[in-house]
Amino acid sequence: MGFTDGLLVLLGQDVSRDAKGLNARLHFFGNIPVDDGTPFSPTPSAHARSQPVDKAARRPCVVALVSVNGGVGRSTLATALSSGLQRLGETVIAVDLDPQNALQMHFGISPSSPGIGLTSLRNARWETIQQPGFVGSRVITFGDTDMRQQDDLQRWLKHEPDWLAQRLSALALNGRHTVIIDTPAGNNVYFHQAVSVADVVLVIAQADAASLGTLDQLDGLLAPHLERERAPRVHFVINQLDEDNAFSLDMVESFRQRLGTKEPLEVHRDMAISEALAFGADPLDSQALTMAGDDINELCRLLIARKNHL
Ligand SMILES: Nc1ncnc2c1ncn2[C@@H]1O[C@H](COP(=O)(O)OP(=O)(O)OP(=O)(O)O)[C@@H](O)[C@H]1O
Ligand SMILES: [Mg+2]
């Protein structure tokens, strides 16, 4: 039994007599509309090209970054994708739905800037709290909140599943906009609010057994959202990939077998990304950025392609 099969057996996915990993795929995806490996054309069809597109009349594309375990790079990628998409001509709003309030640091915004938490508790509108992000994008931070305020907000959101949808709708966004939502790790009200409005869910993982072992839980968390009309597309991104590490590459292969598709997508580990965070700088501005820059651009192009097919 190879490395991958052994690992999948450990995780309860015996694929030893299932060369293509079909059972694991069926188990995991059930009804999840994940890509089946069919090449996805980044350019619209001839028919679509012949139709004038009135972006102002269309709805924005909403992308939610999620994971069950923490520290995998959701906030980092939310920041880099916001910059990357804006550079490619999108109008981006990054929304921090994590009470940890980390996006302000990634974007170099003052931690005392007003954010979603207190503004929502005061029933004020979100327009007033938009901050300038990188290369013309905008950011809505979570802002500083204490434990009691966080508890109040959580209780409210639990009873109002349309909370985020209503607030985004009040921003009067249209087809020119892409909203990138950062979420806290795990099963929480913010995860469900974000996924409930998402057109695309990016599941961020690392090439390790901890991330691989969360996929069952993720299946359960995403399942109710995938039953709705206009269910979100789910993509898996392995972040901080180290190609010089044989174990990491084995783990990517394990993900691939588990997902049964050409996915996961990959973003390489790059010190320039960690350094950008330390200085609140745009990671895509770094001259030292190597493969991760190409990975992020590729991800951005995929998101734009998805948006053009909404
Ligand atoms: N591709 C990458 N290359 C190098 N370092 C990275 C990369 N992606 C993320 N990191 C580093 O990993 C650490 C965790 O990243 P980040 O805070 O974005 O994770 P997170 O999933 O948002 O964590 P949390 O669960 O705390 O919200 C940071 O120090 C960040 O600089
Ligand atoms: Mg984070």
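Phe191 counts as buried because 24 C-beta neighbours lie inside 10 Å, where buried means 20 or more other C-beta atoms within 10 Å of the residue's own, with C-beta atoms placed from the backbone. Phe191 sits in helix 9, residues 189-197; helices here are DSSP runs of H or I with at least four residues, strands are runs of E with at least two, and both are numbered from the N terminus. Leaving aside residues up to four places away in sequence, Phe191 touches Val66, Thr183 and Leu221, a contact being two C-beta atoms, placed from the backbone, within 7 Å. The C-alpha atoms of Phe191 and Asp98 are separated by 9.1 Å, although the two residues are 93 apart along the chain.

This is a predicted model, in which local features need pLDDT of at least 70 and side-chain atom pairs count only at pLDDT 80 or more, while totals for chains, interfaces and linings use all residues. Residues are numbered from 1 along each chain as its sequence is written, and chains are lettered from A and ligands numbered from 1 in the order in which they are written.

Strand 7 pairs in the parallel sense with strand 8, residues 265-268, over 3 bridges, pairing requiring at least two DSSP bridges. Val237 has Leu265 of strand 8 as its bridge partner.

Technical notes. Buried ≥ 20, exposed ≤ 12 C-beta atoms within 10 Å, placed from the backbone.
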